[in-house]
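Dear colleague,

Please find below the structure that I am handing over to you. My findings follow directly after it.

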Amino acid sequence: MGVAEDGRFGGIDLSPWGKFDVATLTAYPLLFHMIDAGAVAAELWECLLTTSQRTVISVGVGLRDVEARSLVAFLAAQHDIGKLIPHFQCGESSARLRLADDLLADIDLMVPVGHGRASMHTALGLFAELGFPLAGNDSSAVRAAQCLGGHHGRFLQIDVDQAASARCVEATLGGPLWQDLRRRYTRLLWHLFGVEKAPQCMSVEATVLITGLCMVADRLASQRRFWLPNAHVPAFGAHEHYAHARSQAREEVERSGLGRIVLDRVPFPVAHPRLTAPNPLQASVLQQLPAIVKGRGGGIAVVTDATGAGKSVTGLEMARIFNEHCGTQGLLWLLPTTAAADAAYELLDRYVRAHRPDRAPVTLVHSHSWLTEAYSDQALASQDGSTLDGPREQFDDPTGHQAAVEEEQGPGIAGPDPWLRGWNNALLAQYTVATVDQAQMAVLPVRYSALRMLAMSGKTVVIDEAHALSPFSQLQLCRLLNWLGSLRCPVVLLSATLPASTTTELVRAYLSGAGHSSRTLTTRSFAPHYPGWLFADAETATPHRMDEIARAEHVAAQRRAVRIKALSVTFRRLGDPSRHVDEGERLATIRKVLAPVLDGEGCASVVCATVADAQDTYQYLHRLWTGPSQELVLLHARAPAHRREQTLRRLRHQLGTSGPRPQRLVVVTTSLLDMSLDIDVDLMISDLASVARLLQRLGRLGRFAHLWADDVERRPTWWNTEQGPCLTVLHPVNTRGDTALPPGWAKVEPAAVLHATAQMLPSLKQQPLTLPNDVQDLVEQVHGAGSAFAAETAQLQQLLTGHHARTSQEQHWSAVHLVPPPRRVSSLADVHRQHLTAAQAATRLGTLPRHLLPCYRTESGTLTMDAAGEHPLPDQPHLSTRHVRSILEHTLPVPAAWVVRCGPHHQPPASWKQHALLTDIILLPTDPAHPNERHRFGQYSLRFDDELGLVHHRDQR
């Protein structure tokens, strides 16, 4: 029989099953599921893929656009050819009854093998028969087969001469009848999807994107509501089903929210309602960049400007320009922290809404996005377990430990589309805000990394606060930029304190991925003047900089005077909350500096080095406090998630540009307020920190002074307009007056950087700083590659040597897990040589947290959420969305080392083990009658305080 006959009703054996519904005992023909996936992929090519992505694929496979579309649809359809083997078909007894007698008779040896690997092995020879060259690891037959093997999330190594050979396939995966039926299925799909010729090459980039697209198509076509109705309709042949699948795919892709839209052009004040006109830097971008991008194509841009000067708006405008000229659509905005991502989400959502699109969901993707107003309840629901792919096979959606750190999404305009609510699907939305670690996992050997790469590559990627990464994370960012460069994905880096050496390293990583040699790149400087912007096009690696006249105008418009005053203090822990604090102690100095606010009015923040310091400071101020309790706020990461999120939302509202500014407010916090929070305080005290962090904190001190110049009522009466705001830095010293870092501070930032900043502080006290003029010089002195402080003293030299050693060690640890650059990939299995789950993949050194749930034990032994004992911990077979949300909202992250050697009383209820987001939670039960009782975990002891949050202590041994 030929493909024409096979496509008719009764023309080909449809007894092999591809999906089986446990609830209704309904089987769905494998061929029909394969056609569904191919039809969805063809529709995704038109609706999801952008022009730039289609170009990468077409060029990578050496075919015209329409030919590449047919090839991609065919490969997506082929993804489950490995289910046509005895092991899979006989794995479900009810579905096995469907199999034709001749297939059952042709089973000699039933070898247990996953259908993903079976798809790869069986497809290799079939592809060779269709004209795919079959040779080494980079031949198109091998890479196409690995694409099929990787549709469950990981690329697998293929042994061409052994397991994937025709001899082994026939011996282990079914006899001649099975092989003949696989061949007929393959040729029928080749015909249905109109493939004209086999690709003679397949680039790494093209194969990764095709694999990601196959994952999306399979997920959509595998939904129970998609295929189950088809299983109950009157029987028809492959041709009829293909016609139906095309229309169904079109409806499903539209329903999923994956279709791309183009935002209409609107005037600048409409797109950014809080601005009447662009500032000089933004105006120069609008005037210079479009012509450069139109002539040279995409590339990487860097924007350096003072905090609060409008970098976010500049990034949005750059993304719009890139999308108009580079074939990309949408934006992925990456930030270093969840708090910064939450603030950026609100800004991006307003920006998209201002264009009044009919539909444009804006998603929020980070490990705590379920706490924000953007979160969708459906993302918390347990997965539907009624559908089986076969014996011991899991769904294509991530589950288990991995799901605990995967991402959820939130509603944008008109609410989110249902399919985008779950797991890493949210990254596929056209407009997305995420923490940078979600993108970094695309270059780590975790499951579904190809899907993450697909989700990023069709958009402009904006990386905000690019300076805020450790050497460990920065190396991962460089590798990510290398891949984005190879995919011709436009990138914008935003920072207020980025050293020139770091800027150059990041830009070179991108351009290297775009194909430029290191010899070419080392002869060019890629650091923009501060403040200013630079654009390096991927085609020629030529740096284009902001016009100097416009830059001078911008510097003049942003110029303001600020002061940094250093006070030497003696560091001593509070210990007993009622302890007398001596003059000269850190806490006494804080009380003295805060006097204008404590005794009068104004908004102030005290930024502490560690959570323990913040708790001490809050306790000390609380005992002196005479006003309403809501005017003194403690904010740190060791508080229950819902409380922390509510506090951040309140501060963004009250201390924002138009919020109901309180007459008096003191915020005691850690580094949570350092980045991307659009707030303004009148007075700020900071523990010693690096000069980069101090400059970031200065950005929240008098941030809206230029906006409130004529509104004196917004400032306290003691505000000094002429001298400008003053940041007080607490410098811990010993009895000799030398810098004496308290225990634990060096874990927050390198000791060498803190000592260098301490040496610089006396010179800053002599005269006011002029922003933005003085920023870059200060950053280079401490953070630059050729920092002048390095050899000033033997102590600093020794500290710097240790710092460099730790940096090299961090980079080594980071490099251990990184996937290779695209140009160094031969076999696609190189991308997944190591098998890490998303929960195990470290994007920041030492941050693989466990989730702790403080709870209370009543006299009867019942565990409750509240001290009053009115809300017991949910413990039932099927937890509702409301229960899951309530549990998660009360958790807080802690380092894994803090909760080793958990006892039985720290284990969650058994029913929680069935839910991916709850399985790893550790309980911390407190007896309300003994609130100070500590729980010991190895060398750590923990207790939860309703007011202070989690209090931890480490034994000194």
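Helix 3 (residues 51-61) packs against helix 12 (residues 204-221) at an angle of about 125 degrees, and their axes lie 8 Å apart. Helices here are DSSP runs of H or I with at least four residues, strands are runs of E with at least two, and both are numbered from the N terminus. Axes are lines fitted to C-alpha atoms, for helices over the stretch in contact, and angles run from 0 to 180 degrees between N-to-C directions. Helix 3 and helix 12 are therefore oblique to each other (under 35 degrees counts as roughly parallel, over 145 as roughly antiparallel, 65 to 115 as roughly perpendicular and the rest as oblique).

On the side of helix 3, Gln53, Val56, Ile57, Gly60 and Val61 take part in the contact, and they meet Glu205, Ala206, Leu209 and Ile210 of helix 12 (contact means heavy atoms within 4.5 Å). By class, this contact has six nonpolar, two polar and one charged residues (Ala, Val, Leu, Ile, Met, Phe, Trp, Tyr, Cys and Pro count as nonpolar, Asp, Glu, Lys and Arg as charged, and the others, Gly among them, as polar).

The model is a predicted one, in which local features need pLDDT of at least 70 and side-chain atom pairs count only at pLDDT 80 or more, while totals for chains, interfaces and linings use all residues. Residues are numbered from 1 along each chain as its sequence is written, and side-chain values use heavy atoms, with hydrogens and water left out.

The structure holds 13 aromatic pairs (rings of Phe, Tyr and Trp, the last by its six-membered ring, with centres within 6.5 Å; planes under 30 degrees apart count as stacked, over 60 as edge-to-face and the rest as tilted). One of them joins Phe132 and Trp190 edge-to-face, at 6.2 Å centre to centre and 65 degrees between the planes. Phe132 lies in the loop between helix 8 (115-130) and helix 9 (140-149) and Trp190 in helix 11 (residues 176-192), so the pair ties together parts that are 58 residues apart in sequence. Both Phe132 and Trp190 are buried (buried means under 20% relative accessible area, exposed over 50%, partly exposed in between, with a 1.4 Å probe and protein chains only).

Phe571 and Trp745 also form an edge-to-face pair, with 5.8 Å centre to centre and 75 degrees between the planes. Phe571 is partly exposed, at a relative accessible area of 24%, whereas Trp745 is buried, at 3%.

Yours sincerely
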